[in-house]
Amino acid sequence: MKIYANGCSFVMGQELVDNDPLNMNNKKTAWPSQINAYNDAWSASSNHAIANRTMNYCRNNSVDIVIIGWSSPSRVLTFTQNERNDRLGQHTIKPTTATDVWEEYFASDTMHEEWSQNVIESLYYWLEANKIMPIFFQSFIRDYKCNVPMLWEGDSWQSVYAREHDLKIDYTKHPNQSSHDWLANYLKQYIDYWYDIHKSKTS
């Protein structure tokens, strides 16, 4: 079984070692490593960037399951060139790091949410059409809905983990090792139950 994982810094594992977004050592104990998944996540990714990397990888590699932790809809894919570009050369700006540009050209929450919904739903059906099992969840944003199956009915990893462990969410921090361990165990059980059922429906 070949598993592919994608997302932003949450899936990458940022802060498990340090807060350097380019330190790939953060991936070593993140949840994808614990389920033998290829971790293609990149810090600060927009949902468009995540989808592009996913389709690129799946077109060029054999994949059975794709697991994606979706990012904030307010992040925008741009053509800026710097060290933060991902393996496809994509760069994302955020309202918190490129405020002037974002407010001048991209300040429409409604449109961002619709763009993300379109990307997420389109990728889900593209994966299904290619007989790849999609497992989608929101990493930390849960204020918009998508009309495809999402773990926890669209609630976020961040909030579900905090609620189950009676914790207050610290929105300035990435998930810690305990949170990654919890999600890895959750996904193992989910895959054990659903993968054969999905495979029988698509074969």
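Close-up 1. The model is predicted, with local features requiring pLDDT of at least 70, side-chain atom pairs pLDDT 80 or more, and totals for chains, interfaces and linings using all residues. Residues are numbered from 1 along each chain as its sequence is written, and side-chain values use heavy atoms, without hydrogens and water. Ala44 lies in the loop between strand 2 (37-39) and helix 3 (47-60) (DSSP runs numbered from the N terminus: helices H or I, at least four residues; strands E, at least two). Although Ala44 is not a glycine, its phi is positive, at about 70 degrees.

**Close-up 2. Asp166, in the loop between helix 6 and helix 7.** Asp166 is exposed, with a relative accessible area of 72%. Its phi is near 55 degrees, a positive value in a residue other than glycine.

**Close-up 3. Packing of helix 6 (residues 157-164) and helix 7 (residues 177-202).** The two helices pack at an angle of about 100 degrees, with their axes 11 Å apart (axes are lines fitted to C-alpha atoms over the stretch in contact; angles run from 0 to 180 degrees between N-to-C directions). Helix 6 is therefore roughly perpendicular to helix 7 (65 to 115 degrees; under 35 is roughly parallel, over 145 roughly antiparallel and the rest oblique). Helix 6 contributes Trp157, Val160, Tyr161 and Glu164 to the contact, and helix 7 contributes Ser178, Ser179, His180, Trp182 and Leu183 (heavy atoms within 4.5 Å).

Methods. Buried means under 20% relative accessible area, exposed over 50%, partly exposed in between (1.4 Å probe, protein chains only).
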